[in-house]
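Hello,

Here is the structure I promised to pass on to you. Please have a look at it first, and then read my notes below.

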Amino acid sequence: RGCCSSLFVLYVTKCLVYNDTARKERVLLRIETPHEEDETTAQNNKTKNNLFPKILKPCEQLAEDFEFSLQYHMGVLGNMRRADVLFVGNKKPLHKLSYRETYFLDVQDIFSCFVAEILAPVLAVYKKAQRAQMLENSN
């Protein structure tokens with residue numbers, strides 16, 4: 001029984017969630033295949049070691065927006081320990097990213113502020129205008 005003897009339980013945009021039976025934890029798995037424009041960029045830059053220049057930086061770190069996406073998915077799905085990203089055809093195919101709870105909590109705080117300070121007042125103005133229009137149409 002290795003980590004491959006797992007049960008896939010959920011599919012999220014380009015992601016699979018599985019139970020790692022060896023470590024007894026839920027893991028987010030994302031499989032990336034090179035896109036045609038990425039292969040062209042890699043060939044032009046003579047960096048065939050990295051077929052994913054938009055996702056994987058030269059120092060083998062994930063791009064900020066890609067890492068945010070993984071952290072967000074792990075936070076929304078809950079009870080995730082890490083994300084494994086499989087880069088098909090790359091020199092170093094597997095990249096592991098640990099879940100940082102504070103990362104997702106920051107997103108929740110920003111979203112809560114957005115709802116309280118922007119969305120709620122805009123909805124209140126909209127509902128007020130909607131009521132006024134309904135009263136005008138009923139007369």
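A term to begin with: a residue is called buried under 20% relative accessible area, exposed over 50%, and partly exposed in between, with a 1.4 Å probe and protein chains only. Please keep in mind that this is a predicted model, where local features need pLDDT of at least 70 and side-chain atom pairs count only at pLDDT 80 or more, while totals for chains, interfaces and linings use all residues. Residues are numbered from 1 along each chain as its sequence is written, and side-chain values use heavy atoms, with hydrogens and water left out.

Now the overall picture. The protein chain has 139 residues, and 27% of them are buried. It holds three helices and five strands, taken as DSSP runs numbered from the N terminus (helices are H or I with at least four residues, strands E with at least two). Their order from the N terminus is β-β-β-α-α-β-β-α.

Strand 2 (residues 15–20) and strand 3 (residues 25–32) run antiparallel and are joined by six bridges; strands pair if DSSP finds at least two bridges between them. Across this pairing, Asn-19 stands opposite Arg-26 in strand 3. Four residues lie between the two strands of the hairpin, where Lys-24 has a positive phi near 55 degrees.

Phe-68 counts as partly exposed because its relative accessibility is 36%, and Tyr-72 does so at 38%.

Leaving aside neighbours within four places in sequence, Ser-98 is in contact with Gln-71, Met-74, Arg-81 and Arg-82, where contact means heavy atoms within 4.5 Å. Ser-98 and Gln-71 are 27 residues apart along the chain, and their C-alpha atoms are separated by 8.6 Å.

Last comes helix 3 (residues 101–138): its 38 residues should span 56 Å at 1.5 Å a residue, and this agrees with the 52 Å between its end C-alpha atoms. The expected span is 1.5 Å times one less than the number of residues.

Best wishes
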